[in-house]
Structure formats: structure tokens, C-alpha cells
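Visitor: I would like a close look at one part of this model, starting from a single side chain. Please keep it brisk.

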Amino acid sequence: MSGIKVVAIGGGTGLPVALRSIKHYTNNITAIVSVADDGGSSGRLRREMGILPPGDIRNCLIALAQDEYMASLFKYRFKQGDGIEGHNLGNLIIAALADIHGEFDRGVDAAAVLLGVQGRVLPSTTGKVTLHADTFDGQPISGQVKIAQTTQPLKEVRLDPADAQAYPDAVTAIHEADQIIIGPGSVFTSILPNLIVPGIGKALAESKAIKIYACNVMTQPGETDLFTACDHIDAIVDHGSLRWIDIAVVNSAVIPEDKLIDYAEERRYPVSVNCEKIQTLGVSIVMADVIDENKPSCHDAGKLAAILRELV
């Protein structure tokens, strides 16, 4: 492996975009992934086999895979079949490898070998954690899926157990990193479930790396309704430390009007920016066109890479 040491932290669909960006300027990559997912194929495997949810980890392995054929197999989702409909083949392979090798993390490493992964994909914890949240009106919510589906503004999230042990290799990677990318992705259900693992949050605050938050392009209904870029940063650091973020990368490109109408029907709006307010937090801000022209609610991996490679 060569290049600077970069750690990317998150989950969901955002972290794979960051990983594809980072691949543009280094192959010394470590992804640290949330294991709080309890929905879909991952949730079923979690409930029925007692393993950690493999879905977010699978997506990161695919993003770093060099074997395209194996990657296509890992993406395959069964469309029919009693008991298997809806399952993703990659999830089943990871589950099988975890059983064969006796530990979930060893199964992930074995899957990485099959895919020819360039870099490492690590869970933030191997503890079987459940994500809980409180809304601003005091309503408790349990479970990642239910939290993501709420229409009430979220105040905070926490893990059960609260003292889940950080995965040791993830802590080491954070300490040794030159650059750490947080996001893009769902603040409360993809990013924070990693950072509120006590050992991960502590290592991130202690790290000498440049810590960059890639802010979402659009708000998410329920989870970040009406959030500005500053609100995203506030929500993250309020769960831990201002030392978690040095720089925020925020989209500056205008989203086409026809797309805005479509997104508005889904209660999704462009994240607005107040640079002065962000700077009062001690966070530098980089404004840039980072949107995917074909899907402007998302980041373009190449555009994001051009920004990140200069922030070393």
C-alpha cells in the first residue's frame, strides 16, 4: 500500500462515496463502519443468526474492491424464494465466512480477500449495540430504522450498552491516520453510532490527523429537517468534542430547479450555509461544487476527491 493514511468514518450509502473519493489519491485506506443497522437483510441476519449487521460493511468492501466480478456477486439481491427473498448475497457470504472463521471481524477480512479489497474495512465495535434516540419533545425511540423514519426533530442518540468497546484496530488506525474523513451520510444513524463508541470518540479527539467533515448536500426528512451545515456540525460535536472536526466541506453548487421540485416532494432541501457561524465553532469551511450532476442530492466521488486531496 502507498500514499497517506486516510480513515473514513460513517455508514449507509454515504461512506462508500467517500471511499471511492479517497481511492483517487491513496490506497492506504481504512473504513470504520457503524454496526447499529437493524433493518432489511442486515436486520434479519442480526436477529436470526446473532451476528453483527453486515450490510454497511458489505457496501464499503464493494467500494474498495478490485475484483469487479466478485463485487457484482456481493451486490446481488434475491428477488424471490421463501426465506431468502430480499437477502443480499454479499451479506450471506459475510455471514457464512463469520461462521467459518469463528468471529465476525475475521469473516469480514476473509470477504475482503475474496473481493481484492484495497484497504481495510473495520467495525467501530464488535459489541452488539442498539441505537436509541430522544427527540426534542422527549420522545424516546429505539432502533436505527425507527430513528431514521421519525418525523420528530432528534436531540441525541446513544448506544446500549453505552460502554461498548471500540474495535482495537479501528482505534489504532485513527491514531496513525494523516487524514480522517467523517461522512457524508446520515448524522444520527450512520455517523454518530461510530463516534459515540467511547474508544472511537476518544481516539478521534486525540488524533493529530486533519479531521474533515463532508457535509450532506441535502437535508433528510425527519433526521435533519431544516438543518444548516452548522446544525450538522453542532449535532456531531455536541455528542463529544469540538476536536472531532477541523474542516467542513460544504457544497456550493446550485441544484437544478427540476431536481429541487422532485426533492421537495420528498421533504429534502439543499443544506444552507452560514460560514461565520461555522467559523465561530473553530471549524474551517471549504465551499466547493461537489454534487453528482446525474444525482445532485449526492456527492460526486471525483469532485470530492479533488477537494480532499488538497486538505492534507
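Is C298 buried, exposed or partly exposed? Take that cysteine first, then move on to the surroundings.

Guide: This is a predicted model. C298 is partly exposed, with a relative accessibility of 26%. Its closest cysteine sulfur belongs to C215, 13 Å away. A disulfide needs two sulfur atoms within 2.5 Å, so the gap from C298 to C215 is too far for a bond.

C215 sits in another setting. Its relative accessible area is 2%, and therefore C215 is buried, given the limit of under 20%. The closest cysteine sulfur to that of C215 is in C230, at 9.9 Å. That separation, too, is too far for a bond. With the 2.5 Å cut-off, the count of disulfides is zero.

Next, the helix packing. Two packed helices are described by the angle between their axes and the distance between the axes. Take α9 and α11. Their axes come within 10 Å of each other and cross at roughly 35°. The crossing is right-handed. On the α9 side, the contact uses V187, F188, I191, L192 and L195. On the α11 side, it uses H232, A235 and I236. By class, that contact of α9 with α11 holds seven nonpolar residues, one polar residue and no charged residue.

Helix α10 spans residues 198–206. Its buried residues are I200, G201, A203, L204 and A205.

One joins G183 and P184, with omega about 0°. P184 is placed in the loop between β7 and α9. Another joins D160 and P161, with omega about 5°. P161 lies in the loop between β6 and α8.

Now the backbone at L226. Its phi is near 65°, a positive value in a residue other than glycine. L226 lies in the loop between β8 and α11. Its relative accessibility is 74%, and L226 counts as exposed. R267 also has a positive phi, near 60°, and is likewise a residue other than glycine. R267 is in the loop between α12 and α13. At 36% relative accessibility, R267 counts as partly exposed.

Another helix pair is α1 and α3. Helix α1 runs over residues 14–22, and α3 over residues 55–63. Their axes are 9 Å apart and meet at an angle of about 20°. Angles under 35 degrees count as roughly parallel, and so α1 is roughly parallel to α3. The crossing of α1 past α3 is right-handed. From α1, the contact takes L15, P16, L19 and R20. From α3, it takes N59, C60 and A63. Sorted by class, the residues in this contact of α1 with α3 are five nonpolar, one polar and one charged.

A112 brings in helix α6, residues 104–115. A112 is buried, at a relative accessible area of 15%. Its contacts, leaving aside neighbours within four places in sequence, are L61 and V117. The C-alpha atoms of A112 and L64 are 8.8 Å apart, although 48 residues separate the two along the chain.

D134 is the last stop. It belongs to strand β4, residues 130–135. Its relative accessibility is 17%, and D134 counts as buried. Not counting residues up to four places away in sequence, D134 touches Q139, P140, L154, K155, E156 and R158. D134 and A8 are 126 residues apart along the chain, and their C-alpha atoms are separated by 27 Å.

Back to the starting point. C298 is partly exposed, and C215 is buried. The sulfur of C298 is 13 Å from that of C215, too far for a bond.

Conventions. Residues are numbered from 1 along each chain as its sequence is written. This is a predicted model: local features need pLDDT of at least 70, side-chain atom pairs count only at pLDDT 80 or more; totals for chains, interfaces and linings use all residues. Side-chain values use heavy atoms; hydrogens and water are left out. Buried means under 20% relative accessible area, exposed over 50%, partly exposed in between (1.4 Å probe, protein chains only). Axes are lines fitted to C-alpha atoms, for helices over the stretch in contact, and angles run from 0 to 180 degrees between N-to-C directions. Helices (H or I, at least four residues) and strands (E, at least two) are DSSP runs, numbered from the N terminus. Angles under 35 degrees count as roughly parallel, over 145 as roughly antiparallel, 65 to 115 as roughly perpendicular and the rest as oblique. A crossing is left-handed if the near helix is turned anticlockwise from the far one by less than a right angle, and right-handed if clockwise. Contact means heavy atoms within 4.5 Å. Ala, Val, Leu, Ile, Met, Phe, Trp, Tyr, Cys and Pro count as nonpolar, Asp, Glu, Lys and Arg as charged, and the others, Gly among them, as polar.
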